[in-house]
Amino acid sequence: MAKRQRGHSLPGPEDIFRTALSNGIVLLARANFNSLSVSVSGYLPAGSIFESDDKLGLADFVSSCLMRGTRTRSFDSIYNELESVGASLGFDSNVHNVNFGGRSLVEDFPLLLTLLSEALRTPTFPKKEMETLRAHMLTSLLLREQNTSDMAALAFDRILFEGHPYSRPTDGYIQTVRSITREDMFEFHSRHFGPKGMVVAVVGAVEPQKAAEMLEKALGGWQVPGQAPPPAMPNPKPIRTTVRRHHSMPDKFQSDLVMGTLGPSRKDPEYFAASLGNSILGQFGMMGRIGDAVREKSGLAYYASSSLNSGAGPGSWEVSAGVNPANLDKAIELIQKELRRFVKNGVTAEELAENQANYVGRLPLSLESNGGVAGALLNIERFDLGLDYYQRYEEIVRKVTRADILETARKYIEPERLVVSTAGP
Amino acid sequence: MEEKITQVKLKNGMKVLLKEAHTAPIISSWLWYRVGSRDEPTGKTGISHWTEHMLFKGTKKFPAKILDKAISRDGGRWNAATSRDATHYYETMPADKFDLALRLEADRMKNSAFDAKDVASERTVIISEREGSENEPLFQLTEAVQQTAFRVHPYHHEVIGDKADLLAITRDDLYEHYRRYYVPNNAVLSVAGDFKTRAMLARIRELFEPIPKGPNPPRLTRPEPEQKGEMRFTVEGSGETVFIQAAYRCPNAVHPDFFPLQIFDSILGGTSGLSIKTSRLYRALVDKNYAIEVSGWAEPTIDPYLYRITLIKHPKRAVEEVIAAMDAEIKKLQDLPPPEDELKRAVKQARAVFVYGSENITSQAFWMGYAEMFASCKWYLTYLDNLAKVTPQDVQRVARQYFQPSSRVIGVYQPKGSEA
């Protein structure tokens with residue numbers, strides 16, 4: 001067994017199989033016979049971007065209801081078949097897409113594809129199941145209102161992306177979720193679910209050609225002539241001055257803070273400079289410079305880090321931390337100080353080198369499981385990275401210079417113009 | 001199960017478990033110490049977890065910043081955690097950079113500095129960790145259930161510790177705890193991944209064998225007396241959501257009833273690691289709108305611990321109605337043995353979870369060592385076989401024996417100002 005797969009090579013054109021089904025669904029597949037399981041994951045463009053303001057949460061509701069009953073199977077029989085063989089399949093949604101993921105032992109892979117196809121094509125949104133799910137969603141929203149980090153993040157997005165679809169929570173609000181009807185669900189499904197823009201990755205103990213035949217059989221016949229294209233996205237408004245908001249939650253013991261600004265999209269040329277810069281700022285090791293200043297040196301927080309959220313549209317570049325309410329202002333000042341230093345002096349040659357090494361070194365770790373490889377294949381397709389992307393990855397990472405990072409940091413981060421959102425006592 | 005694991009005891013008493021897995025150019029190592037929150041007397045709660053934090057503060061050879069950067073620079077992942085029975089430190093690294101992990105762990109087994117300044121700043125970090133948890137209703141409820149279920153046994157406090165102790169523990173307390181428990185004869189090293197066993201073992205000997213053996217640290221054992229009747233209580237807090245947690249006393253991991261209880265858990269609450277929508281509790285409570293969510297949870301431990309059922313109450317139901325519906329499901333398993341099919345299914349589910357785990361080198365190294373902390377590596381290797389031996393009558397018997405209201409604790413998280 002060891003010999004056959006000993007190659008240890010990163011996924012590339014020679015072992016990633018890419019094809020389109022007869023209806024245009026794109027399949028990426030890679031074989032791995034080291035374990036007897038198969039992972040399938042994918043997405044289709046039916047996210048919350050298609051929702052109206054008064055029905056926020058609709059895409060989320062639809063995606064979580066897909067497995068609750070189809071024309072051929074009840075909720076109970078779907079899960080009975082899946083769980084009896086230790087398989088899993090699930091759907092969720094974000095702004096742009098409905099995503100799915102599942103895995104099974106290889107002998108049960110045909111079942112997984114059948115259920116995937118049924119859930120996508122013929123969901124029935126049974127009334128009873130809808131109400132069970134609605135109660136679940138409403139409870140989650142009540143819990144969200146009690147969660148300091150959720151509330152800080154919610155207000156952060158609302159202010160940063162004002163007037164942009166990214167300002168809206170994909171799980172909606174209590175009143176919008178209450179207002180969603182069964183007709184809304186059917187209408188959303190019939191307009192936005194279809195093969196156009198759908199991508200599937202299959203990784204595991206199945207030959208790619210065989211996976212393609214099986215997928216063609218399961219989903220190749222799906223046609224939806226009127227499938228609506230995604231709406232155009234406006235540009236977010238720039239931040240003119242620092243905006244600070246506090247959401248008061250008097251019964252809590254700790255405050256959460258999210259502060260930051262806009263960031264690049266995944267396809268922007270400066271993405272890698274921003275990503276490496278962010279790693280130095282608030283990720284590397286025990287959460288980079290920010291973790292060092294706020295947690296290690298001052299003992300102010302249990303967690304403090306920065307993140308760069310870059311997807312199909314404009315991204316955000318944000319710092320978050322959980323701190324004692326008495327230390328909130330001090331933590332914000334320390335973070336601002338780090339941001340000023342970051343845009344003034346950039347990063348050192350040593351910092352850049354060690355972060356580049358980290359990016360290159362950790363790649364095999366992220367590609368260890370079938371699920372990890374499937375996610376990597378979907379990334380290739382979503383962001384046009386090319387089948388040789390993971391083999392070129394080291395070169396891309398090593399090409400980033402200190403000057404690139406400094407320029408990118410200055411382009412996006414203005415320490416005196418930030419959105420600062422906090423929640424807590 | 002076909003698992004080739006090499007087990008060796010070093011001259012200083014440290015146990016080493018090695019498993020070659022050449023599926024990816026990665027090695028994962030886990031160093032386990034037999035010390036956890038159950039070894040902490042009153043006044044010192046949280047000291048094991050705090051000690052674990054201090055091991056990231058550096059040694060002379062690997063000062064904190066260098067330590068952290070050295071692992072991260074090579075693309076490694078590392079972390080540590082403290083549980084009730086054990087403390088572990090792990091690194092998963094590219095195979096060609098792995099030596100660093102061994103050098104680092106051998107060094108910090110005996111040379112961690114415990115600088116007073118670091119102790120002071122870590123005190124506030126840990127208090128902040130505790131305050132973050134206190135924000136969560138479920139943490140408050142779980143902690144209260146635990147301290148109600150265990151009055152005498154040191155399982156009574158949460159791993160994070162009580163705030164009074166977190167304010168009082170000194171640098172010397174921490175250092176003494178470290179010196180007492182961090183000795184090779186109290187440690188197990190489990191390594192899996194892309195290496196040759198003979199070379200790996202030689203390197204481990206070279207680095208760890210010079211560390212002198214210490215006195216075998218005693219483990220704190222104060223058996224919990226038998227519970228005399230059901231205990232119920234309420235935790236009040238903010239929000240609008242009611243949580244219910246029922247805890248039943250269960251035997252430890254090496255008890256013969258542990259495996260029937262695993263099958264019982266699978267049938268009642270669902271198999272951990274999979275979706276649970278066809279478990280009996282989900283069907284009876286969530287499908288029927290008694291609960292928004294339900295989960296069952298058992299944990300393998302050294303001493304008898306708890307099987308917990310946690311529920312989020314449906315807003316339209318009363319607490320008593322929900323508990324009655326849960327009781328009715330348990331009673332079905334007490335009245336009638338489950339059909340063979342349900343047992344077979346539970347075993348197949350467990351098999352699938354094992355196969356998924358084998359995709360991942362980190363999880364393979366984890367399981368070997370983890371099982372040593374409450375049983376032995378053999379416990380893990382024979383897990384599936386032992387599950388397959390369970391009969392429907394076994395399941396009925398354990399349902400009757402361990403799931404009586406008179407030996408349970410029920411806690412309810414009740415939002416202030418709302419009605420039960």
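Colleague: How far apart do the C-alpha centres of domain 1 and domain 2 of chain B lie?
Modeller: They lie 28 Å apart, with domain bounds taken from an automatic or database domain assignment. This is a predicted model, where local features need pLDDT of at least 70, side-chain atom pairs count only at pLDDT 80 or more, and totals for chains, interfaces and linings use all residues. Residues are numbered from 1 along each chain as its sequence is written, while chains are lettered from A and ligands numbered from 1 in the order in which they are written.

Colleague: How many residues does the contact take from each domain of chain B?
Modeller: Domain 1 of chain B gives 33 residues and domain 2 of chain B gives 27 residues. Contact means that C-beta atoms, placed from the backbone, lie within 7 Å.

Colleague: Which element supplies the largest share on the domain 1 side?
Modeller: H5(B), with 9 residues. Helices (H or I, at least four residues) and strands (E, at least two) are DSSP runs, numbered from the N terminus.

Colleague: Switching to the sheet. What is the strand order in chain B?
Modeller: S1-S2-S6-S3-S5-S4, an open sheet of 6 strands with mixed pairing. Strands pair if DSSP finds at least two bridges between them. The edge strands of chain B are S1 (6-9) and S4 (77-82).

Colleague: And S2 with S6 in chain B, parallel or antiparallel?
Modeller: Parallel, with 6 bridges joining S2 (residues 15-20) to S6 (residues 187-193) of chain B. Among the partners, Lys15(B) is bridged to Val188(B).

Note on methods:
Two residues are in contact if their C-beta atoms, placed from the backbone, lie within 7 Å.
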